[in-house]
Amino acid sequence: QHDHELSEEEFQSIYGPVQPLSPAEASVLLAGAPFRWWIVGGWSTELGLTPRREHTDLELSVAREDLDALRERLVDYHFWDTHAGTLTFLKPGMGIPGEDHEQVWIRRDASSPWILDVLLTPVDGDTWIYKRDRRLTRPIGEVVIKRDGVPFQRPEIALLFKARRRAARDEQDFAAIVPGLSSDERSWLRDAIALTEPADNPWLARL
C-alpha cells in the first residue's frame, strides 16, 4: 500500500495504475547491477515460492549512496521522490531533497504503471543501520538472504519494521513467521524490539 490513507483504488485514480514487478522480474531487471539491492516489505515475509497473501507493491532497498547507480542502471525510467504525502519528479541530475527523504517510486513514464518502490537504507561500508534507531546495526551480509537467487531482507528484520504499527496484515505476518524462526533469530528480534520500541510492545511477550 503506497499511501495508508488511501485505498488502492483511490491511490490509482489519483496517481495512476500500479503493476508491481514480481521478485523474479526485479531480479532480471537488475541482474548484474554493480550495487547491492534486496527486497523488503511484504514480499520479504514470504518463506516459500507461493505467496501466503496478495502483495500490492514490490519494495526493494538500496543503500542511500547507491541511488545514483540505480538511476544510471534504469536510465529509461522515471524516478519520483515521495515524502510527506507529496510526489516530486526527479529530473536527470536532480538529487533527493534531504536526508529525511527515503522513498522513491519508479515507472517508465506517465502512461506506464508504477513498478517499484525503492527504500533508501543507511549503510556504512558493510554495516546495515536501522533507519529508525541508529544504535541498531548488523553486518549487511546477515541482513540479506537469497531465495531462488533473489536477495531478500531476513524475515525477522521485516517483523522489526512491522512491530511499530502492528496492522492486521502485520499481525498475520508475525503469526506466520515467528514459529519458523530459529532461537537466534527470535532472540535478535526480541532484543531489537526491546531496544527500539516501547517496553509495552505486545510482541515482546510473544517472543
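Strand E6 (residues 114–121) is mostly covered, with eight of its eight residues buried; buried means under 20% relative accessible area, exposed over 50%, and partly exposed in between (1.4 Å probe, protein chains only). Helices (H or I, at least four residues) and strands (E, at least two) are DSSP runs, numbered from the N terminus. This is a predicted model, in which local features need pLDDT of at least 70 and side-chain atom pairs count only at pLDDT 80 or more, while totals for chains, interfaces and linings use all residues. Residues are numbered from 1 along each chain as its sequence is written, and side-chain values use heavy atoms, with hydrogens and water left out.

**Strands around E6**

- Strand E2 (residues 59–63) runs parallel to E6, and five bridges join them; two strands pair if DSSP finds at least two bridges between them.
- Within E6, Leu119 stands opposite Ser61.
- E5 and E6 run antiparallel and are joined by five bridges.
- Val104 has Val118 in E6 as its bridge partner.
- E5 and E6 also form a hairpin, with six residues between them.

**The sheet E7-E8-E9**

- Three strands make an open sheet in the order E7-E8-E9, with antiparallel pairing.
- Strand E7 (123–124) and strand E9 (137–139) stand at the edges; each has a single partner strand, so one side of each is left without a neighbour in the sheet.
- Strand E8 (residues 127–129) is joined to E9 by three bridges, and the two run antiparallel.
- Trp128 has Arg138 in E9 as its bridge partner.
- In a regular strand the side chains alternate between the two faces of the sheet.

**Aromatic rings and charges**

- Rings of Phe, Tyr and Trp (its six-membered ring) pair if their centres lie within 6.5 Å; planes under 30 degrees apart count as stacked, over 60 as edge-to-face and the rest as tilted.
- By this rule there are nine aromatic pairs.
- Phe11 and Trp105 form an edge-to-face pair, 5.3 Å centre to centre and with 75 degrees between the planes.
- This pair links distant parts of the chain: Phe11 is in helix H1 (residues 8–15) and Trp105 is in strand E5 (residues 103–107), 94 residues apart.
- Phe11 and Trp105 are both buried.
- Ring pairs link Phe11, Tyr15, Trp80, Phe89, Trp105 and Trp114 into a cluster.
- The charged end of Arg107 sits over the ring of Trp114, 4.1 Å from its centre; a charge sits over a ring if NZ of Lys or CZ of Arg is within 6 Å of the ring centre and within 35 degrees of the ring normal.
- Arg138 lies over the face of Trp188, at 4.7 Å from the ring centre.

**Helices H5 and H7**

- H5 and helix H7 (residues 183–196) pack with their axes 10 Å apart, at an angle of about 25 degrees.
- Axes are lines fitted to C-alpha atoms, for helices over the stretch in contact, and angles run from 0 to 180 degrees between N-to-C directions.
- H5 and H7 are therefore roughly parallel to each other (angles under 35 degrees count as roughly parallel, over 145 as roughly antiparallel, 65 to 115 as roughly perpendicular and the rest as oblique).

**Residues with positive phi**

- Most residues other than glycine have a negative phi.
- Ala84 is not a glycine, yet has a positive phi of about 50 degrees.
- Ala84 lies in the loop between strand E3 (78–83) and strand E4 (86–89), and counts as exposed at 71% relative accessibility.
- Arg166, also not a glycine, has a positive phi of about 55 degrees.
- Arg166 is in the loop between helix H5 (155–162) and helix H6 (168–177), and is partly exposed, with a relative accessible area of 28%.
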